[in-house]
Amino acid sequence: MRHVTQALLALVATLAFGAACAHAAPVLEVTAHGVHTENEPALDGPWSLAGPRPAGVPAAPVARLTARAARRDLVKRTVDRAFAVHAIDEPTRSRYLSFWTAARRTLRSLRGQRRAELGSVVGTLQRLAAGNRLTARLEPMFTILDRNREWWAKAGPPASGARLRFGSSRVIFQYFPGEGLQFHPLANFGQANGYWYGHQDSDLRSLVEDLLKMRVDRGGFETWEYYFAYGGGSPPWISGMAQGTAMQALARASRRLSDPALLAVARAARGAFERRTPVGVRAPQGDRDWYALYSFDPRLNVLNGMLQAVSGLFTYQQLSNDTAAKSLFEAGDRTARAVITDYDTGAWSLYDRPGGRPGHEANLNYHTLNRDFSQTLCKATGAPAYCTAAARFTSYLKKDPTLEPYKAVPSPARVGKGVRFKFRLSKIGRVVIVVKDSGSGKTYLSTSTSLARGDHWFRWVPPKRDGEHTYEFALYARDLAGNSSTAKGEVRVRGSRPGKSGT
């Protein structure tokens with residue numbers, strides 16, 4: 001029997017999920033001729049490991065509209081109202097309404113999970129319309145709706161986290177079980193960065209032009225929103241990491257493609273870092289400014305999200321000479337330099353520090369991101385805080401976990417009474433314990449579990465045997481990078497009645 005708290009059970013799930021989603025380059029290409037898989041090098045960078053990730057199970061159901069609201073068809077009313085005030089033209093109005101009609105017709109024909117997935121997207125449009133928040137989001141929401149209609153009309157759920165592209169468009173949609181196929185801003189602008197690095201200028205041009213159509217005005221600045229429930233947040237929400245990456249990618253594309261209009265869009269996106277959450281991503285904490293990974297959770301304080309937001313601002317202000325953005329970068333840079341050591345456990349890195357308190361250790365993907373983004377900022381700024389963190393985070397990828405101190409309690413023990421094998425694990429990993437009789441070599445306990453750093457124990461009840469016996473125990477620890485270590489000891493167990501030792 002072993003001691004595992006609820007928090008640790010959640011960590012075990014995080015570990016398993018992280019390992020399953022390490023490869024994000026494959027993309028499902030959906031065309032009129034069918035579906036095939038392409039490996040996209042532009043998606044093989046650090047951005048493929050970051051941002052919101054599917055939980056692997058359908059999301060919890062969201063509140064439905066009242067029957068009266070559903071009957072009023074507020075989505076159609078919103079489209080008609082936008083046309084009436086000349087916000088959209090007649091061809092656009094007709095396109096949106098045809099998408100809406102087709103989606104509802106398809107929804108009525110579906111059953112099971114396919115109906116639930118498309119129904120989730122349909123419900124999001126209805127809720128946004130009911131809250132008078134759809135008008136500003138017509139293009140992205142109807143694009144998402146029609147991509148979902150096209151997929152679910154013909155196919156069942158792809159793998160959790162699968163990324164899809166439709167037709168000739170390079171825009172990425174990602175499958176979130178229970179939420180349908182969703183527009184993923186970080187993946188898309190990460191892909192744009194990948195095209196820039198790979199000098200794939202025609203793909204870069206095609207992608208950024210399509211992404212410009214997906215932008216919205218959110219309280220006075222341009223942004224790319226997420227339209228699904230996630231981590232306790234309801235749509236629409238934004239991400240400082242995605243916003244910084246968008247500004248970075250657009251500034252690079254503007255220079256590479258000699259298109260100043262792209263730089264103008266990047267400049268218009270700057271306001272996300274000026275506005276406080278939940279509208280923007282600025283989250284003041286004391287005398288520091290934090291840039292929230294999720295606008296709905298300003299005190300989650302995720303390191304990789306902050307580092308990439310700051311890195312994106314750095315690239316943008318370098319290419320734009322935007323003095324306001326330079327100030328935003330400097331504010332974020334001061335914060336990141338000041339807190340980065342707080343994410344260093346001495347053996348690994350933390351993923352987050354909610355409210356400034358130590359949170360979860362990073363899984364392997366996120367630890368690697370912490371290292372990579374620290375290296376990027378080290379090269380960009382030369383700041384010792386980033387360079388030291390990058391070096392230490394790198395060293396932890398080769399550093400063995402430790403299990404000291406460790407001991408058996410009580411020792412000597414008695415048969416039928418529980419023994420606890422206590423140990424202190426230096427970093428997140430998997431620990432195995434094996435207990436054997438010292439004389440015969442017979443194994444009496446062999447089990448394992450995934451654990452966070454800290455103090456833990458395994459419990460074992462010695463079998464009833466006469467006389468005193470000595471048992472050897474061995475603890476084996478293996479971290480997320482594959483490093484391992486062993487600790488061994490003995491425990492004497494007294495029998496229920498005197499007898500010859502070892503019988």
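In what order do the three strands of the open sheet come? In this predicted model, the order is S10-S12-S15, and the pairing is antiparallel. Strand S10 (406-409) and strand S15 (454-460) sit at the edges, each pairing on one side only. On average, neighbouring strands of this sheet are turned by 20° against each other, with direction ignored.

Now for the helices. Helix H3 (residues 74-84) has a set of buried residues: Leu74, Val75, Thr78, Val79 and Ala82. Looking down the axis of H3, these buried residues fall within an arc of 145°, so they line one face of the helix. The spacing makes sense, because an α-helix has 3.6 residues a turn and residues three or four places apart point the same way. After H3 comes His86, with a positive phi near 65°.

Helix H4 (residues 90-109) and helix H5 (residues 112-130) have axes that come within 10 Å and cross at roughly 145°. The crossing is left-handed. On the H4 side, the contact is made by Trp100, Ala103, Thr106, Leu107 and Arg108, while H5 brings in Arg115, Leu118, Gly119, Val122, Leu125 and Gln126. Sorted by class, that gives six nonpolar, three polar and two charged residues.

Most residues other than glycine have a negative phi, and most peptide bonds are trans. Asp73, though, has a positive phi near 50°; this residue is in the loop between helix H2 (67-71) and H3. Asn301 has a positive phi too, about 55°, and lies in the loop between strand S9 (288-291) and helix H11 (303-320).

As for cis peptide bonds, one joins Pro235 and Pro236, with omega about 0°. Pro236 is in the loop between strand S7 (222-223) and helix H9 (240-257). Another joins Thr277 and Pro278, with omega about 5°, and Pro278 is found between helix H10 (260-268) and strand S8 (282-285).

Conventions
Residues are numbered from 1 along each chain as its sequence is written. This is a predicted model: local features need pLDDT of at least 70, side-chain atom pairs count only at pLDDT 80 or more; totals for chains, interfaces and linings use all residues. Side-chain values use heavy atoms; hydrogens and water are left out. Buried means under 20% relative accessible area, exposed over 50%, partly exposed in between (1.4 Å probe, protein chains only). Helices (H or I, at least four residues) and strands (E, at least two) are DSSP runs, numbered from the N terminus. The arc is that of the directions from the helix axis to the C-beta atoms. Axes are lines fitted to C-alpha atoms, for helices over the stretch in contact, and angles run from 0 to 180 degrees between N-to-C directions. A crossing is left-handed if the near helix is turned anticlockwise from the far one by less than a right angle, and right-handed if clockwise. Contact means heavy atoms within 4.5 Å. Ala, Val, Leu, Ile, Met, Phe, Trp, Tyr, Cys and Pro count as nonpolar, Asp, Glu, Lys and Arg as charged, and the others, Gly among them, as polar. Two strands pair if DSSP finds at least two bridges between them.
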